[in-house]
Amino acid sequence: MDLDVFVAAHQAEWHRLETLSGRRRLTGEESDELIALYQRATSHLAQVQAAAPHPGLEGRLTALVVRGRNAVAGARNSSWRDATRYFTVSFPAALYRARRWWLTIGLLFFLSTALVAWWIGTHPEVRDALIPPDELHELTKPGGEYEAYYTDHPSANFAAKVWTNNAWVAAYCLICAVVLGLPVILILISNMINLAAGIGLMASAGRLPLFLGLLIPHGLLELTAVFVAAGLSLRLGWTVIDPGPRTRTVALAEEGRAVIGSVIGLTAVLLVTGIIEGFVSGSALPTWLRVGMGLTVEALFLVYALVLGKRAAARGELGDVEAADRTDHQPMAA
């Protein structure tokens with residue numbers, strides 16, 4: 001395809017579509033013309049994407065198609081309906097469709113953590129290589145650094161700090177999708193080593209029940225959110241390699257929007273974990289109650305993702321935005 005010839009042949013139509021889509025009132029004849037021009041512009045965009053990809057022209061036609069679609073269908077303002085649909089349909093559908101990724105990541109993470117923690121906790125030479133005995137005592141003694149981390153900060157400030165930090169970690173995992181999600185593996189390994197070290201060191205000091213009582217209330221859901229972010233990132237990276245029955249462009253667009261949208265949902269999940277970590281984990285509540293709260297919120301999240309998400313996915317939901325908000329795609333010849 002000669003792009004110069006293509007642009008020259010259709011420039012007048014695009015200009016006319018731009019003019020009509022900018023008018024507030026149209027006659028019946030102009031409305032019919034607007035619909036026809038919008039459909040042709042959508043076809044032109046598909047032709048350019050298939051035969052002669054050009055970022056500048058694709059961007060111009062995409063913007064024109066979106067403008068034309070809004071003029072034809074009417075621009076839609078965001079509302080509480082959008083938020084409700086996101087949290088009851090889109091986000092759980094995205095979680096369910098990526099379940100094999102994040103559940104597998106979680107299983108491997110906990111198995112690796114248990115193995116490394118056992119190694120550290122049962123081998124004094126390993127502990128000595130990790131940390132000098134006097135520093136180990138400061139970490140693990142009653143009121144030591146591991147325990148004080150959850151009790152020495154104002155609850156509200158601590159909750160806000162934890163939420164912000166964890167939200168950035170989750171967002172970074174999702175951003176890593178642009179490089180096939182590979183940096184996510186390093187993030188997971190780093191978190192696994194830190195967690196295993198804490199468990200192993202506190203176990204060696206005979207204070208593991210206390211440590212788990214501080215960790216479980218917020219830690220299960222917090223780690224699950226990280227697993228989800230990592231799973232979504234790796235899944236999107238895999239889409240580059242294997243887009244399935246869709247074209248690579250369409251697959252990446254659909255999965256990419258689902259991943260970007262998941263940032264909102266994961267931020268909400270991590271807000272819950274931040275509140276629990278700030279106000280519950282280090283509180284004077286009985287250990288059984290704190291641990292029970294942690295197990296409960298984890299169970300509720302799994303039901304949300306695997307039950308509500310399954311229902312949404314069964315209706316054909318992809319975790320994408322509504323059809324009216326997606327870029328138009330025309331079927332392309334093989």
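Me: Buried means under 20% relative accessible area, exposed over 50%, and partly exposed in between (1.4 Å probe, protein chains only). Where does E13 fall, buried or exposed or in between?

Reply: In between. E13 is partly exposed, at 23% relative accessibility. Bear in mind that this is a predicted model: local features need pLDDT of at least 70, side-chain atom pairs count only at pLDDT 80 or more, and totals for chains, interfaces and linings use all residues. Numbering starts from 1 along each chain as its sequence is written, and side-chain values use heavy atoms, with hydrogens and water left out.

Me: OK. What does E13 pair with?

Reply: R40. Their side chains form a salt bridge, 2.9 Å from N to O (a Lys or Arg side-chain nitrogen within 4 Å of an Asp or Glu carboxyl oxygen). E13 is in helix 1 (residues 3–21) and R40 in helix 2 (residues 28–51), so the pair ties together parts 27 residues apart in sequence. Helices here are DSSP runs of H or I with at least four residues, strands are runs of E with at least two, and numbering goes from the N terminus.

Me: And R40, how accessible is that one?

Reply: R40 is partly exposed, at 38% relative accessibility.

Me: How many salt bridges in the whole structure?

Reply: Six, from a search of the whole structure. E13–R40 is one of them.

Me: What does R67 bridge to?

Reply: E18. The closest N and O atoms of R67 and E18 are 3.7 Å apart. R67 has a relative accessible area of 37%, so it is partly exposed. E18 is partly exposed too, at 38%.

Me: Now R85. Which residue does it meet?

Reply: E317, in a salt bridge of 2.9 Å, N to O. R85 lies in helix 4 (residues 80–97) and E317 in the segment after helix 13 (287–314). They are 232 residues apart.

Me: Are R85 and E317 buried or exposed?

Reply: R85 is buried, with a relative accessible area of 17%. E317 is buried as well, at 18%.

Me: What share is buried?

Reply: Of the 334 residues in the protein chain, 41% are buried.

Me: How much of the contact is between residues 24 or more positions apart?

Reply: They account for 78% of the chain's contacts with a separation of 6 or more (contact being heavy atoms within 4.5 Å).

Me: How do helix 5 and helix 11 cross?

Reply: Helix 5 (residues 99–122) and helix 11 (residues 208–241) cross at roughly 125°, with axes coming within 8 Å. The helix 5 side of the contact includes W101, W102, I105 and F109. From helix 11, contact residues include L220, F227, L234 and W238. Axes are lines fitted to C-alpha atoms over the stretch in contact, and angles run from 0 to 180 degrees between N-to-C directions.

Me: And helix 5 with helix 13? What angle?

Reply: Roughly 150°, and the axes of helix 5 and helix 13 come within 11 Å. R99, W102 and L103 of helix 5 make the contact with F301, L302, A305 and L306 of helix 13.
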